[in-house]
Amino acid sequence: KEEKTETGMTASGNNLPDVSKPQGLTQSVGRIFDIRINDTLDTNEIAATNKSEFTPDAKEIYVSAYISSAIKNEEIKAMLRQVEKSIETPYITTTSPASGDIATNFIFTSPETTWPVGTYEAIVVLNDGTEAKATFVVK
């Protein structure tokens with residue numbers, strides 16, 4: 001499933017192929033057991049590895065949330081926040097494609113110019129209020 005926001009950002013959900021051995025664990029909060037950020041996707045169309053630095057001219061930044069015990073059609077949303085300037089993207093909302101352990105991918109497209117330089121937080125929120133954050137830098 002793919003959804004577009006008014007800003008042209010998109011989100012899509014994918015089943016997680018293997019949750020038994022997460023790589024590059026960035027944070028574990030309740031049912032959100034990993035957030036991976038990258039500018040490329042693997043063959044399953046998720047960010048399988050984590051990247052911590054991006055250039056301002058990156059076309060897209062992918063945020064993949066790895067969620068345990070998801071409920072089919074559960075609402076999941078994500079946004080990016082540039083910390084120093086408190087610039088935020090709108091939340092992108094998608095739904096869990098299946099029950100069980102899943103990964104869902106959020107695609108953030110670059111602004112009309114370039115990504116502002118600085119530290120960013122990728123924030124993922126489940127409909128039960130569970131929130132997890134991962135950071136990266138644009139420089």
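Predicted model: local features only at pLDDT ≥ 70, side-chain atom pairs only at ≥ 80, totals over all residues.

Me: Why is W115 called buried?

Reply: The relative accessibility of W115 is 4%. Buried means under 20% relative accessible area, exposed over 50%, and partly exposed in between, with a 1.4 Å probe and protein chains only. W115 is at 4%, so W115 counts as buried. Across the protein, buried residues make up 45% of the 139 residues.

Me: Which label does N73 get, buried or exposed?

Reply: N73 has 52% relative accessibility and therefore counts as exposed. N73 lies in the loop between β5 and β6. Its phi is near 70°, a positive value in a residue other than glycine. Most residues other than glycine have a negative phi.

Me: Where is S86, and what is its phi?

Reply: S86 is in the loop between β6 and β7 (87-88), and its phi is near 55°, again a positive value in a residue other than glycine. S86 has a relative accessible area of 56%, so S86 is exposed.

Me: Why is S96 called buried, and what does S96 touch?

Reply: S96 is in the loop between β8 (92-95) and β9. Its relative accessible area is 1%, so S96 is buried. A contact means heavy atoms within 4.5 Å. Not counting residues up to four places away in sequence, S96 touches A70, I71, K72, N73, E74, I76 and I102.

Me: How do you know that β5 pairs with other strands, and which are they?

Reply: Two strands pair if DSSP finds at least two bridges between them. Strand β3 (residues 32-38) and β5 have 6 bridges, in the antiparallel sense. β5 and strand β9 (residues 100-109) have 9 bridges, also antiparallel. A65 in β5 stands opposite I35, and A65 stands opposite T104 in β9. Strand β5 (residues 60-70) is mostly covered, with 9 of its 11 residues buried.

Me: What makes a nonpolar core, and which residues touch the most other members here?

Reply: A nonpolar core is a set of buried Ala, Val, Leu, Ile, Met, Phe, Trp, Tyr and Cys residues joined through side-chain atoms within 4.5 Å. The largest one has 27 residues, of which I37 and V63 touch the most other members. The elements that give two or more residues to this core are β3, β5, β6 (75-82), β9, β10 (118-126) and β11 (131-138). The largest share, 5 residues, comes from β5. Leaving aside neighbours within four places in sequence, the contacts of I37 include F54, V63, A122 and F136.

Me: Why are W115 and Y120 called an edge-to-face pair?

Reply: Rings of Phe, Tyr and Trp (its six-membered ring) pair if their centres lie within 6.5 Å; planes under 30 degrees apart count as stacked, over 60 as edge-to-face and the rest as tilted. The whole structure has 4 aromatic pairs. For W115 and Y120 the centres are 6.2 Å apart and the angle between the planes is 85°. The distance is within 6.5 Å and the angle is over 60, so the pair is edge-to-face. Y120 is in strand β10 and, at 3% relative accessibility, counts as buried. F54, W115, Y120 and F136 form one aromatic cluster.

Me: What makes R36 count as a charge over a ring?

Reply: NZ of Lys or CZ of Arg must be within 6 Å of the ring centre and within 35 degrees of the ring normal. The charged end of R36 sits over the ring of Y66, 4.0 Å from its centre. The charged end of K77 sits over the ring of Y91, 4.6 Å from its centre.

Terms used. Residues numbered from 1 in each chain as written. Heavy atoms only, no water. Helix = DSSP H or I, 4+ residues; strand = E, 2+ residues; numbered from the N terminus.
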